[in-house]
Amino acid sequence: MSAIAPERTGVATQAIEGSQTIRLAPNYWPFVVPALVVVGAVIVFPWAFTLWMSVNRWTLGQSRSFAGMENYLRLASDPRFWESLVHTLTYTSLSVAAPMFLGTVAALIFDARFPLRGLLRGVFVMPMMATPVAVALVWTMMFHPQLGVLNYLLSLVGIPAQEWIFNAKTVIPSLVAVETWQWTPLVMLIVLGGLASVPREPFESAEIDGANAWQQFRYLTLPMIAPFLMIALIIRTIDALKSFDIIFAMTQGGPGTASETINIYLYNTAFSYYDIGYGSAMAVVFFIVIVALSFILLMLRQRSQWIDAEGK
């Protein structure tokens, strides 16, 4: 009997009598199980527990009882929930559209070569580095009707003082302005990366053919950076939908319920009114809304992929 060295094929082998060798299937489970445990503990269990709570009538300090679909039916007839949904969609739409437009314009500007371009890029991305709560506190002081610097600047040009976040009509646009100020640099960086990967040959050919700057942007630049714009759109949409810290730190949903998004209403329901079951049902519905919007955006992103010479 002679010992046979295992073959270096990436699978386990075992020497037996004679010259035969049995190949053993590789066992990857010891490497997969820890990741599955973490995913189950961090993602699967919380959502399963939330689903379980959403079908129960559970208020802290009181006994729990099974409610079935009662909490979900209650959502359908809750005007405050529908109001918060409208606020969420309005806030999200404005918080996505403004940074997308301004970020794209900023990327086009910073893509050009001019003195101190690198320094100005660094200054432009600084708002993105600040924590949302710190940004909220600074802007709250700036929005103060009597002591805020914004009203002082408006008074210098003869514009009357505004109430900003203290008025139901202007609170959401004011919050959107803060969101836009902080996250426009993110869109700029994504689009700037797309502009850096755009080949120059089509533009040289377009210039020879007499295309102006707008035509080059419309028919060359925009289609080429479309995948990067979709990435920025997806990131901004998901981030704006789950926005909580800036709104809570600045208005807590006020004045009244004028800026109460689903996140704020959910928080108040679960942790101020201690209605855990109803708050859980709200979280499940909001999660379904986010998944649906994400699915739509991912489908749009697939359509924005570059097409090669063979049309694939």
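Helix axes here are lines fitted to C-alpha atoms over the stretch in contact, and angles run from 0 to 180 degrees between N-to-C directions. Helices are DSSP runs of H or I with at least four residues, numbered from the N terminus. The model is predicted, so local features need pLDDT of at least 70 and side-chain atom pairs count only at pLDDT 80 or more, while totals for chains, interfaces and linings use all residues. Residues are numbered from 1 along each chain as its sequence is written, and side-chain values use heavy atoms, with hydrogens and water left out.

**Exercise 1.** Find the angle at which helix α3 and α12 pack, and the residues that make the contact.

*Solution.* Start with the geometry: α3 (residues 79-111) and α12 pack at about 145°, and their axes are 8 Å apart. Next, list the contact, meaning heavy atoms within 4.5 Å. From α3 come R80, F81, S84, L85 and T88, and from α12 come I262, Y265 and N268. Finally, sort by class: 4 residues are nonpolar, 3 polar and 1 charged. Here Ala, Val, Leu, Ile, Met, Phe, Trp, Tyr, Cys and Pro count as nonpolar, Asp, Glu, Lys and Arg as charged, and the others, Gly among them, as polar.

**Exercise 2.** Classify the aromatic pairs F81 with W82 and F244 with Y267.

*Solution.* Recall the rule: rings of Phe, Tyr and Trp (its six-membered ring) pair if their centres lie within 6.5 Å, and planes under 30 degrees apart are stacked, over 60 edge-to-face and the rest tilted. This rule gives 15 aromatic pairs. For F81 and W82, the centres are 5.5 Å apart with 70° between the planes, making the pair edge-to-face. Now check accessibility (buried is under 20% relative accessible area, exposed over 50%, partly exposed in between; 1.4 Å probe, protein chains only). F81 is buried at 5%, whereas W82 is partly exposed at 43%. Turning to F244 and Y267, 5.4 Å between centres and 55° between planes make a tilted pair. F244 lies in the loop between α10 (213-241) and α11 (245-250) and Y267 in α12 (residues 262-272), so their pairing ties together parts 23 residues apart in sequence.

**Exercise 3.** Describe the surroundings of G103.

*Solution.* Then read its accessibility: at 0%, G103 is buried. Leaving out residues up to four places away in sequence, G103 touches T184, V187 and M188. Last, take a C-alpha distance: G103 and L229 are separated by 9.9 Å, although 126 residues apart along the chain.

Methods: Helices (H or I, at least four residues) and strands (E, at least two) are DSSP runs, numbered from the N terminus.
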